[in-house]
Amino acid sequence: MIEPISNENLDKFTTLSQIYEAEFAPLTGAKKDNNGLYPLSTPINKTHAGYLLYHDNKAVGFIVINTEKEPFDVCEFFILKKYRRQKLGQELAFKIFDLHPGRWTVKQLYNAVDANTFWLKIINKYTKSHYTQTLYDDDKWGKVYMQSFSSK
C-alpha cells in the first residue's frame with residue numbers, strides 16, 4: 001500500500017528518513033545536528049510531495065518528488081534493507097510515475113553504485129528502454145548520473 005505523507009504519518013517518514021540519511025552520509029558528507037539527528041535532505045512542502053510504502057502494515061520505504069514543474073524529479077527514495085530485492089521499490093516507483101504522468105528525471109551520486117544499478121533496471125523496465133542517461137558535474141554533489149524519460 002502507498003499513501004501520501006501527511007501530518008498524520010509524518011513521524012513514520014521522519015523515522016525512515018533518519019535511517020536513509022545515515023545510510024547515505026558516507027557519500028553525502030551529512031553530519032548529525034546537536035540533537036543527534038541528520039537534517040532532512042528534502043522536506044515535504046507544497047513543491048515536494050512524499051509517499052510512504054507499506055508492507056504487512058509497516059512503513060518500509062518512501063519516495064519524495066519535486067512536483068513544482070516538469071520534469072518531475074525523484075529527490076529521495078528509500079526502502080529498508082530487509083525489504084529490498086522484493087520488487088517493493090519497483091512497485092513504489094511505477095505507481096508514482098503513473099500517478100504523475102509527464103517528463104521525469106532521476107539522479108544518483110556517481111559513487112552510489114547500487115542506487116544507479118537499481119534505477120537503471122527500474123527505468124529500463126518501466127520505459128521499455130526509452131530513456132536517456134547522462135553523467136554531469138553538479139555544483140553541490142559532484143559527478144551525478146541522471147536518467148530522463150516520460151511516464152505513461
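Glutamate 21 is buried in this predicted model, because its relative accessible area is 4%, and a residue counts as buried under 20%. The residue is found in helix α1, a helix that runs over 10-28 and supplies at least two residues of the lining of the largest pocket.

**Around glutamate 21**
- Leaving aside residues up to four places away in sequence, glutamate 21 touches Tyr38, Pro39, Leu40 and Ser41.
- Lysine 31 lies 10 residues from glutamate 21 along the chain, and the C-alpha atoms of these two residues are separated by 9.2 Å.

**The largest pocket**
- The largest pocket has a volume of about 1400 Å³, and its lining is made up of 45 residues, with Tyr20, Phe24, Phe77, Ala115 and Trp119 lying nearest the centre.
- Sorted by class, the lining of this pocket has 24 nonpolar, 12 charged and 9 polar residues.
- Helix α3 provides the largest share of the lining, 8 residues, while the elements that each supply at least two residues also include α1, β4, α2, β5 and β6.

**The largest nonpolar core**
- The largest nonpolar core has 38 residues, and those with the most contacts inside it are Phe62, Ile63, Val74, Phe77, Phe97, Trp104 and Trp119.
- At least two residues of this core come from each of α1, β2, β3, β4, α2, β5 and α3.

- Phenylalanine 77, which lies in strand β4, counts as buried because its relative accessible area of 13% is under 20%.
- Not counting residues up to four places away in sequence, phenylalanine 77 touches Tyr20, Phe62, Ile63, Gly89, Leu92, Ala93, Phe118 and Trp119.
- Between phenylalanine 77 and tyrosine 145 there are 15 Å in space, C-alpha to C-alpha, and the two are 68 residues apart in sequence.
- Tryptophan 119, with residues up to four places away in sequence again left out, touches Val74, Phe77, Ala93, Phe97, Val106, Gln108, Asn124 and Gln147.

**Helix α2**
- Helix α2 has 12 residues, so at 1.5 Å a residue it should span 16 Å, and this agrees with its end C-alpha atoms, which are 16 Å apart.
- The buried residues of α2 are Leu88, Gly89, Gln90, Leu92, Ala93, Phe94, Ile96 and Phe97.
- In an α-helix there are 3.6 residues a turn, so residues three or four places apart point the same way.

How values were computed: Residues numbered from 1 in each chain as written. Predicted model: local features only at pLDDT ≥ 70, side-chain atom pairs only at ≥ 80, totals over all residues. Heavy atoms only, no water. 1 Å grid on protein atoms, 1.4 Å probe; cavity = no way out; pocket = protein on both sides within 12 Å on 5 of 7 lines; lining within 4 Å. Points joined across faces, edges and corners; volume = space filled by probe spheres on them. Helix = DSSP H or I, 4+ residues; strand = E, 2+ residues; numbered from the N terminus. Nonpolar A, V, L, I, M, F, W, Y, C, P; charged D, E, K, R; others polar. Core = buried A, V, L, I, M, F, W, Y, C linked by side-chain atoms within 4.5 Å. Buried < 20%, exposed > 50% of the residue type's maximum accessible area, 1.4 Å probe, protein only. Contact = heavy atoms within 4.5 Å. Expected span 1.5 Å × (residues − 1).
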